[in-house]
Amino acid sequence: MIELELPYPPTINHYYGVKAKGGKYIKDKGRAFRLSVLFIVRKASAGTNISSPIELEIDAYPPDNRKRDLDNINKALLDALENASVFKDDSQIVKLTSTKHAPVKGGKVIVRVLNPEKIAA
């Protein structure tokens, strides 16, 4: 199992932007989040580039009590984990469980990649 404590991700609206001539790009908040995740993954030696099916558990602790949709953080989080080479592609995820907890100052997420070598496709 891989367990990582990461900063609270930006929502999809703050992560991606749309170019004037079409296409998407990653905004400054998104690039900063990806860089933070990459640093944490490297420090934990968790960039194993798993290629087998995986299960993810996400415990989300928002930074405040504002109304938030839990599913709005998944895209940025999964994109950053893939970019940091925790796994090859988020299409490998066969089970994704997200739980929202009480807010903590600054917000955070705890991600667990469960038994990647034991999950049947």
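Helices (H or I, at least four residues) and strands (E, at least two) are taken here as DSSP runs, numbered from the N terminus. On that basis, the protein chain reads β-α-β-β-α-β-α-β-β along its sequence, which comes to three helices and six strands.

The structure is a predicted model, in which local features need pLDDT of at least 70 and side-chain atom pairs count only at pLDDT 80 or more, while totals for chains, interfaces and linings use all residues. Residues are numbered from 1 along each chain as its sequence is written, and side-chain values use heavy atoms, with hydrogens and water left out.

## Overall form

The radius of gyration, taken over C-alpha atoms, is compared with a globule rule of 2.2 Å times the number of residues to the power 0.38. For 121 residues a compact globule would have a value near 14 Å, and the protein chain, at 14 Å, agrees with this. Along the principal axes, the C-alpha atoms fill a box of roughly 40 × 40 × 25 Å.

Accessible areas come from the Shrake-Rupley method with a 1.4 Å probe, and for residues only the protein chains shown count as cover. The accessible surface of the protein chain is about 7100 Å², and carbon and sulfur atoms account for 49% of this surface. A residue is called buried under 20% relative accessible area, exposed over 50%, and partly exposed in between (1.4 Å probe, protein chains only). Of the 121 residues in the protein chain, 40% are buried.

Contact means heavy atoms within 4.5 Å. Among contacts between residues at least 6 apart in sequence, 81% join residues at least 24 apart.

Helix α3 spans residues 74–83, and seven of its ten residues are buried, so the helix is largely enclosed by the rest of the structure. The buried residues are Asn74, Ala76, Leu77, Leu78, Asp79, Ala80 and Leu81. Asn74, in helix α3, has a relative accessibility of 13%. Not counting residues up to four places away in sequence, Asn74 touches Ile58, Leu96 and Ser98.

Just after α3, Ser85 takes a positive phi of about 65°. Leaving aside neighbours within four places in sequence, Lys88 is in contact with Asn49, Ile50, Ser51 and Glu82.

## The loop between α2 and β4

Ser45 is found in the loop between α2 (28–43) and β4 (54–61). Asn49 and Ile50 lie in this loop as well. The table gives their relative accessible areas.

| Residue | Relative accessible area | Class |
|---|---|---|
| Ser45 | 61% | exposed |
| Asn49 | 32% | partly exposed |
| Ile50 | 11% | buried |

Most residues other than glycine have a negative phi. Ser45, however, has a positive phi near 50°, and Asn49 has a positive phi of about 55°. Asn49 and Ile50 are both among the contacts of Lys88. Ile50 and Arg31 are 19 residues apart in sequence, with their C-alpha atoms 23 Å apart in space.

## Strand β1

Glu3 belongs to strand β1 (residues 2–7) and is partly exposed, at 47% relative accessibility. Apart from neighbours within four places in sequence, Glu3 is in contact with Ile110, Val111 and Arg112. Glu3 and Asp69 are 66 residues apart in sequence and 23 Å apart in space, C-alpha to C-alpha.

## The largest pocket

On a 1 Å grid over the protein atoms alone, a pocket is an open set of points where a 1.4 Å probe fits, with protein on both sides within 12 Å along at least five of seven lines; lining residues have an atom within 4 Å of a point. Grid points are joined across faces, edges and corners, and a volume is the space filled by probe spheres set on the points.

The largest pocket has a volume of about 370 Å³. It is lined by 13 residues, of which Pro10, Thr11, His14, Arg66 and Arg68 are the closest to its centre. The lining divides into five nonpolar, three polar and five charged residues, where Ala, Val, Leu, Ile, Met, Phe, Trp, Tyr, Cys and Pro count as nonpolar, Asp, Glu, Lys and Arg as charged, and the others, Gly among them, as polar.
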